[in-house]
Amino acid sequence: MNRWAARRCRHPLLALTILGTFTLMSFIAVAAREEAVFRVWVMVPTSDFYVLPVNPGFLEREQVMHWNPVSETLAPLREHFDVKNVLSAVDAYLAYEPVLSNGADTIALKVIFNQQELGLIPQRVVEETEAKQGKRVLLEISAQRPDDGYSPGQYFGNVQIIFDALRL
């Protein structure tokens, strides 16, 4: 304690005890502190044309096709999308053949959007009257069982769908 504090306080031991108590309480308060840091973002689409998953995290996360060991099948991926085009219909196609690969073996994928199987050629997936109002549709991606069955391994792949807002 400095001289000024000693002169002002008649009981220096009491002052040290109080100071020590406050110091200890500040350490206890810091020890009980919790923090959470997370990112927040939003994409507001144009109201004229959009094709967006209902679950916004669907496109940001790697999706897992779950293996059923009893039936030896892969569960399909299913996700609903909201689709709207105030000017006309919506077409869709695949940028390339979708497959899963482990480096040596491949598993072909079938991509169905709004009950239409997609290929490399654009095709109508939402008609004009439905697109103008907006519609919720299902995307389903399923594995095509190879003739000789699934080979063990860890498989990875990408699916790229291109949606065209037709402007007639």
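Residues are numbered from 1 along each chain as its sequence is written. Because the model is predicted, local features need pLDDT of at least 70 and side-chain atom pairs count only at pLDDT 80 or more, while totals for chains, interfaces and linings use all residues, and side-chain values rest on heavy atoms, with hydrogens and water left out.

**Overall fold**

The protein chain holds three helices and eleven strands, where helices (H or I, at least four residues) and strands (E, at least two) are DSSP runs numbered from the N terminus. Read from the N terminus, these elements follow the order α-α-β-β-β-β-β-β-β-β-β-α-β-β. Of its 168 residues, 23% count as buried, that is, under 20% relative accessible area with a 1.4 Å probe and protein chains only. Among contacts (heavy atoms within 4.5 Å) between residues at least 6 apart in sequence, 78% join residues at least 24 apart.

**Core and aromatic residues**

Leaving aside residues up to four places away in sequence, Val83 touches, among others, Tyr50, Val90, Phe113, Val126 and Val137.

Aromatic rings of Phe, Tyr and Trp (its six-membered ring) pair if their centres lie within 6.5 Å, with planes under 30 degrees apart counted as stacked, over 60 as edge-to-face and the rest as tilted; by this rule there are four aromatic pairs. One of them joins Phe81 and Phe113 edge-to-face, at 5.7 Å centre to centre and 70° between the planes. Phe81 lies in strand β4 and Phe113 in strand β7, so the pair ties together parts that are 32 residues apart in sequence. Both residues are buried, and together with Phe58 and Phe163 they form one aromatic cluster.

**An open sheet**

Three strands form an open antiparallel sheet in the order β9-β5-β11, where two strands pair if DSSP finds at least two bridges between them. β9 and β11 stand at the edges with a single partner strand each, so one side of each is left without a neighbour in the sheet. β5 and β9 pair over three bridges, and Asp91 stands opposite Arg124 in β9.

| β11 | 161-165 |

How values were computed
Buried < 20%, exposed > 50% of the residue type's maximum accessible area, 1.4 Å probe, protein only.
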